[in-house]
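Please read this briefing beside the sequence and the structure, which are shown just below. It is arranged by topic for a reader who is new to the structure.

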Number of protein chains: 2
Amino acid sequence: MTNEKVNLDEKFKLINDYWNPRIVGELNKQHVKLVKFQGAFVWHKHDDEDELFYVIKGSFDLEFHDKVITLNEQEFYIVPKGVEHRPVARAEVHVMIFEPAGTLNTGNVLSNLTRDQLENI
Amino acid sequence: MTNEKVNLDEKFKLINDYWNPRIVGELNKQHVKLVKFQGAFVWHKHDDEDELFYVIKGSFDLEFHDKVITLNEQEFYIVPKGVEHRPVARAEVHVMIFEPAGTLNTGNVLSNLTRDQLENI
């Protein structure tokens with residue numbers, strides 16, 4: 001665990017790719033992650049983990065089979081465990097994620113977007 | 001757990017007092033809380049819980065016995081369990097807190113600032 005404060009602007013400048021979450025904090029067996037989204041992700045679910053998406057900059061759609069939640073800056077949504085979802089971003093969006101350590105970004109699905117070795121920045 | 005998105009601006013408009021955290025989200029036995037600080041809090045520690053402070057608007061000092069961390073907008077700091085600390089805000093600041101459900105705001109200390117019945121908003 002870092003013993004320094006974390007400035008989100010500075011951290012996002014270190015991220016030059018999409019759908020590749022970085023770990024920026026750990027507490028109580030949870031991770032704080034930063035990620036840039038652009039385009040459409042894969043449909044997936046997390047059987048054992050609730051997942052919080054908080055928008056720092058921009059906006060994106062969280063698609064569910066029965067609804068779409070558009071998240072704008074300073075808005076968050078908690079996706080309950082077991083619920084299939086798909087993030088879709090028309091333009092680049094900066095997102096903070098809060099979820100248990102070890103949560104796989106693509107959940108129950110393996111794809112070319114799966115990232116199972118996350119970098120700490 | 002709410003099934004709606006949370007807009008932080010709207011939630012902060014509902015808060016008209018200081019040092020009284022409200023619960024705005026729950027996931028994986030953790031709470032997301034919003035709180036307004038102004039003035040000096042009490043020195044305390046949490047024996048079993050790490051605590052994340054993230055500044056939404058304004059700034060404040062996190063005092064420790066050996067250092068002071070000034071947190072500005074879009075900055076967070078994780079206070080490890082067992083470490084005594086005291087938030088001090090010269091002016092009103094809007095803060096988001098992540099910590100385990102049931103964490104007491106004054107930790108190991110009981111004071112007139114202790115809030116053990118938190119409102120969900």
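In this predicted model, B:Val35 stands opposite B:Val95 in strand 8 of chain B. The two strands concerned, strand 3 and strand 8 of chain B, pair in the antiparallel sense over ten bridges, where two strands are said to pair if DSSP finds at least two bridges between them. Helices (H or I, at least four residues) and strands (E, at least two) are DSSP runs that are numbered from the N terminus.

Residues are numbered from 1 along each chain as its sequence is written, while chains are lettered from A and ligands from 1 in the order in which they are written. As the model is a predicted one, local features need pLDDT of at least 70 and side-chain atom pairs count only at pLDDT 80 or more, whereas totals for chains, interfaces and linings use all residues.

**Confidence**

- The mean pLDDT of chain A, where pLDDT is the predictor's confidence in each residue from 0 to 100, is 96, and 98% of the residues of chain A reach 70 or more.
- For the complex, the predictor gives an ipTM of 0.94 together with a pTM of 0.95.

- Strand 3 of chain B (residues 30-40) is largely enclosed by the rest of the structure, because eight of its eleven residues are buried; a residue counts as buried if 20 or more other C-beta atoms, placed from the backbone, lie within 10 Å of its own, as exposed if 12 or fewer do, and as partly exposed in between.
- A:Val95 and B:Val95 touch the most other members of the largest nonpolar core, which has 50 residues; such a core is a set of buried Ala, Val, Leu, Ile, Met, Phe, Trp, Tyr and Cys residues joined through C-beta atoms within 7 Å.
- Leaving aside neighbours within four places in sequence, A:Val95 is in contact with A:Val35, A:Phe37, A:Phe53, A:Tyr54, A:Val55 and A:Ile56, a contact being a pair of residues whose C-beta atoms, placed from the backbone, lie within 7 Å.

**Hairpins and their turns**

- In chain B, strand 2 and strand 3 pair in the antiparallel sense over five bridges, and B:Gly25 stands opposite B:Val32 in strand 3.
- These two strands of chain B form a hairpin with two residues between them, and in the loop between them lies B:Asn28, whose phi is near 50°, a positive value in a residue other than glycine.
- B:Asn28 counts as buried, because 20 C-beta neighbours lie inside 10 Å.
- In chain A, five bridges likewise join strand 2 (residues 22-27) to strand 3 (residues 30-40), which run antiparallel, and A:Gly25 stands opposite A:Val32 in strand 3.
- The hairpin of strand 2 and strand 3 of chain A has two residues between the strands, and there A:Asn28 takes a positive phi near 50°.
- A:Lys29, in the loop between strand 2 and strand 3 of chain A, has a positive phi near 65° and is partly exposed, with 13 other C-beta atoms within 10 Å.
- Elsewhere in chain A, a hairpin joins strand 5 to strand 6 through four residues; the two strands run antiparallel and are joined by four bridges, with A:Leu71 in strand 6 as the bridge partner of A:Phe60.

**The loop that holds A:Gly82**

- A:Gly82 lies in the loop between strand 7 (75-79) and strand 8 (86-100) of chain A, and is partly exposed, with 13 other C-beta atoms within 10 Å.
- Not counting residues up to four places away in sequence, A:Gly82 touches A:Lys45 and A:Asp47.
- A:Gly82 and A:Lys5 are 77 residues apart in sequence, and from C-alpha to C-alpha they are 33 Å apart in space.

**How the two chains meet**

- The contact takes 23 residues from chain B and 23 residues from chain A, and the largest share of the side of chain B that touches chain A, four residues, comes from strand 7 of chain B.

How values were computed
Contact = placed C-beta atoms within 7 Å.
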